[in-house]
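Here's a quick tour of one structure, taken a few helices at a time. Have the coordinates open and follow along.

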Amino acid sequence: MTLGTGSDLLASFVDGRPSQVVDVEDRGLAYGHGVFETFRVHKGDIIDLSLHLKRLRSGASCLRLPVVPLHSIETELTQIATEHQNCIVKLICTNGSGPRGYKPVPDTIRRLVYVYPLPSFPDQYYESGVNVTVCNTRLGVSPVAGTKHLNRLEQVLARGELSEKDQEGLMLDQHHRVIEGTMSNVFCVRHGMLVTSALDQCGVAGVKRERVIAWARELNVKVDFASVSLGELWECEEIFLTNSVIGIWPVAKVTSPGAVIGETVGKRWTRIGEMTKRFSEVINFWRD
């Protein structure tokens with residue numbers, strides 16, 4: 001099987017060798033049996049590399065994948081960062097190829113690496129905030145909650161709901177609590193406290209989320225791990241989104257389909273909050 005050959009793909013590797021071909025019996029393709037990480041490379045430096053590799057190892061263990069060759073991966077990524085300087089790198093580790101059936105293949109792991117140019121986001125996303133809508137697709141309870149695994153169908157379906165006016169979509173659980181964005185983690189500020197979902201039932205624990213939480217503790221900002229309802233969301237003083245590619249996006253507007261057909265409810269924040277600014281200065285350092 002030939003890997004995606006979109007015009008923006010700069011390079012691709014299979015098990016450390018330049019290639020655009022992967023076995024059609026790869027278990028990542030057949031069953032989603034694998035994990036992935038997306039890295040931002042800034043001036044030859046892989047941002048938060050140690051945190052990404054830590055999550056990669058944890059996710060592989062959760063999915064009962066063979067031991068991930070972290071040393072080989074780090075060497076390969078470092079070489080890519082040296083050659084491309086400023087780019088996005090996506091790493092996928094699968095259970096390799098195997099016979100038909102769900103039984104994992106012992107001692108088999110395959111790594112795929114894709115290199116892309118940095119995306120260009122408008123300055124207003126960072127300076128004025130983004131528009132977010134609440135998606136109808138709900139997250140189900142998962143035995144691998146928090147893990148960055150390859151089964152992202154809920155996010156794919158939710159992303160398909162967004163219009164051109166939406167920069168991100170919020171995803172709720174079966175109890176209508178805010179869990180995450182389709183591609184991001186969500187932080188709210190309520191009464192001077194930072195609130196984010198615990199992600200113990202569903203959702204993905206992002207690396208930038210971990211970085212924000214660590215920085216909050218250094219600043220003596222209390223962090224509450226609790227999902228909020230939409231009603232509680234409207235009461236928040238600030239909301240911001242995080243992931244390793246965008247960094248931090250302040251939220252300027254959230255809309256949600258109402259109970260009546262054609263009705264829309266939501267809230268607009270007219271300015272970027274002080275806590276969002278404070279964290280953005282640290283997390284979005286690469287914008288300087």
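Which residue takes a positive phi just after helix 3? That's glutamine 85, with a phi of about 65 degrees.

## Ground rules

This is a predicted model, so to speak plainly about confidence: local features need pLDDT of at least 70, side-chain atom pairs count only at pLDDT 80 or more, and totals for chains, interfaces and linings use all residues. Residues are numbered from 1 along each chain as its sequence is written, and side-chain values use heavy atoms, with hydrogens and water left out.

Helices (H or I, at least four residues) and strands (E, at least two) are DSSP runs, numbered from the N terminus.

## Helix 2

Helix 2 (residues 49–62) has 14 residues and reaches 20 Å from its first C-alpha to its last, close to the 20 Å expected at 1.5 Å a residue. The expected span here is 1.5 Å times one less than the number of residues. Buried residues in helix 2 are Leu49, Leu51, His52, Leu53, Arg55, Leu56, Gly59 and Ala60; buried means under 20% relative accessible area, exposed over 50%, and partly exposed in between (1.4 Å probe, protein chains only). Those buried residues pack against strand 3, strand 4, helix 3, strand 5 and helix 6, with contact meaning heavy atoms within 4.5 Å.

Take a look at alanine 60, which sits in helix 2. Alanine 60 is buried, at a relative accessible area of 3%. Leaving aside residues up to four places away in sequence, alanine 60 touches Val35, Leu65 and Val68. Valine 254 is another matter: its C-alpha and that of alanine 60 are separated by 35 Å, with the two residues 194 apart along the chain.

## Helix 3

Helix 3 (residues 70–84) has 15 residues, and from first C-alpha to last it reaches 21 Å, close to the 21 Å expected at 1.5 Å a residue. Which of its residues are buried? In helix 3 they're Leu70, Ile73, Glu76, Leu77, Ile80 and Ala81. They cover an arc of only 135 degrees around the axis, which puts them on the same side of helix 3; the arc is that of the directions from the helix axis to the C-beta atoms.

## Where helices 2 and 3 meet

The axes of helix 2 and helix 3 come within 11 Å and cross at roughly 145 degrees. Axes are lines fitted to C-alpha atoms, for helices over the stretch in contact, and angles run from 0 to 180 degrees between N-to-C directions. The crossing is right-handed; a crossing is left-handed if the near helix is turned anticlockwise from the far one by less than a right angle, and right-handed if clockwise.

On the helix 2 side, Leu49, Leu53, Leu56 and Arg57 meet Leu70, Ile73, Glu74 and Leu77 of helix 3. The residues of this contact split into six nonpolar, no polar and two charged.

## Helices 6 and 8

Helix 6 (residues 207–218) packs with helix 8 (residues 274–283) at an angle of about 115 degrees, their axes 11 Å apart. This crossing is right-handed. Lys208, Arg211, Val212, Trp215 and Ala216 in helix 6 meet Arg278, Phe279, Val282 and Ile283 in helix 8, and the contact divides into six nonpolar, no polar and three charged residues.

Met275, Thr276, Phe279, Ser280 and Ile283 are the buried residues of helix 8. Their arc around the axis is only 130 degrees, which puts them on the same side of helix 8. They pack against strand 10 (185–190), strand 11 (193–196), helix 6, strand 14 (238–243) and strand 15 (247–257). Glu274 and Glu281 are exposed, on the face of helix 8 turned away from its buried side.

## Two positive phi values in loops

Arginine 64 lies in the loop between helix 2 and helix 3, and its phi is near 60 degrees, a positive value in a residue other than glycine. Arginine 64 is exposed, with a relative accessible area of 72%.

Histidine 176, in the loop between strand 8 (168–173) and strand 9 (177–181), has a positive phi too, near 65 degrees. Histidine 176 is partly exposed, with a relative accessible area of 47%.

Notes
Ala, Val, Leu, Ile, Met, Phe, Trp, Tyr, Cys and Pro count as nonpolar, Asp, Glu, Lys and Arg as charged, and the others, Gly among them, as polar.
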